[in-house]
Amino acid sequence: MAPPQPVFHVEQALLGALLLDPHRLSNVTGIAADSFSTATHAALYAAIITLPPPNPAEHAKNTKWLDRVLATGREQARGLTASYLHTLVQVCPWPSHAPAYARMVEAEHSRRRLLTAAERLVHTVHDVSLPHPVQTVLAEADALAAVVDDIANRFPPRAGVLPRTTAPQPPAAPDPAEAVEEEQMLLATATAYPSDIEAVRWLLPDDLTLPLHAGLWQCLTGLARRHEPVDPVTVLWEAQQRGLLDDGSEPGEVLRMLAEPAGSVEHWGERALQRSLLATAEHTGRRIEAYAGDPANTPFQLVVGARRALADIAAARTRWQHATGATPPQQRRPAPTTRAGPPTTTAAHAARSTRATR
């Protein structure tokens, strides 16, 4: 078995202090039974705070109160023994330091809470059964932000104190084949209907999964902004001017891709933005997981690092609201009507074939 973490010994010291001097419980704040890392410690603390404190003089003479604590604790942790209570009293170096021990327990519990909330966000991103993934993911992001705010209230962050942990790299596209196909249809449809580009100003090049696609979107938005002619040839020439073909992309392939529009620019743009928002949420969750998974990070560092990571989701949320006309959830208003789901790949091919026959 792995040796216990430092917080285990801190919990032992705190419980020992409270068993030895129960009156010190009045100086212990910020923690509850679920703040402890083991079920035994949680049950013992619950018993201590539930039972009326003993008379100090009587407590110094006999073990009646300790016996009641043991009996109450055993209701939740049957393995609790009198010898373990004796051990806790013995390992407590300074009972007067109980408030400091409680603060350490609170800090470690905050780290575990943050880790759990971040893991839940990442899990939600990958839950393919969700009927409305964006709304659900944003709700989990709000829950994570609420945990961060609570930790900040308990441990006000210090300016400029960042986590020492190296943040992970952004995740790869969840379904590259589907993303590539949809982005190709976005680019082709925007080339065929450049007047629709203005309606999707909320879409950024970084929302697209491939560097070539991101660069071609920049070409399209640049041409449209300058009111220059837009067609596959002009876009290809703009791509050459920007060095997009230097990676070996075949001009003929680019022309063929831009000549097959289907659907609407707004629809494919919204699909790309949704994919980007979910990827941002996953990356944010994994960043906070990495921070919270490093026990060397203090609560102050966790708050600063988590808030910086959550800012990326906030920016993506704002663009999603512009794209869908959704009501910001923070306003506590009824949820907006969810748009119909995007067409399947088969439907997209059918739409493209129908347009080609016109």
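His227 sits in the loop that links α9 (211-225) to α10 (232-241). That's a handy place to start in this predicted model. His227 has a phi near 55°, which is a positive value in a residue other than glycine. For background, most residues other than glycine have a negative phi. Is His227 buried or exposed? His227 counts as exposed because its relative accessibility is 72%, and the cut-off for exposed is over 50%.

Now step back to the whole chain. The chain has 358 residues, and 43% of them are buried. Its accessible surface comes to about 18,700 Å², with 55% of that belonging to carbon and sulfur atoms. As for contacts with a separation of 6 or more, 75% of them join residues 24 or more positions apart.

Helix α6 (residues 98-125) packs against helix α7 (residues 133-154) at an angle of about 170°, and their axes are 9 Å apart. Why do they count as roughly antiparallel? Because angles over 145 degrees fall in that class, α6 and α7 are roughly antiparallel to each other. On the α6 side, the residues making the contact include Arg103, Glu106, Leu114 and Leu121. On the α7 side, Val137, Glu140, Leu144 and Ile151 are among them. Sorted by class, this contact has 11 nonpolar, three polar and seven charged residues.

Next, some single residues. Here is how four of them compare on relative accessibility:

| Residue | Relative accessibility | Class |
|---|---|---|
| Cys92 | 9% | buried |
| Cys219 | 0% | buried |
| Gln301 | 12% | buried |
| His227 | 72% | exposed |

Gln301 belongs to helix α13 (residues 299-324). Gln301 counts as buried because its relative accessibility is 12%, and buried means under 20%. Which residues does Gln301 touch, leaving out those up to four places away in sequence? They are Val161, Leu162, Pro163, Arg164 and Ala296.

Back to the cysteines in the table. Cys92 is buried, with a relative accessible area of 9%, and Cys219 is buried too, at 0%. How many disulfides does the chain have? The count comes to zero, where a disulfide would need a pair of cysteine sulfur atoms within 2.5 Å.

Definitions and conventions:
Residues are numbered from 1 along each chain as its sequence is written. This is a predicted model: local features need pLDDT of at least 70, side-chain atom pairs count only at pLDDT 80 or more; totals for chains, interfaces and linings use all residues. Side-chain values use heavy atoms; hydrogens and water are left out. Helices (H or I, at least four residues) and strands (E, at least two) are DSSP runs, numbered from the N terminus. Buried means under 20% relative accessible area, exposed over 50%, partly exposed in between (1.4 Å probe, protein chains only). Contact means heavy atoms within 4.5 Å. Accessible areas come from the Shrake-Rupley method with a 1.4 Å probe; for residues, only the protein chains shown count as cover. Axes are lines fitted to C-alpha atoms, for helices over the stretch in contact, and angles run from 0 to 180 degrees between N-to-C directions. Angles under 35 degrees count as roughly parallel, over 145 as roughly antiparallel, 65 to 115 as roughly perpendicular and the rest as oblique. Ala, Val, Leu, Ile, Met, Phe, Trp, Tyr, Cys and Pro count as nonpolar, Asp, Glu, Lys and Arg as charged, and the others, Gly among them, as polar.
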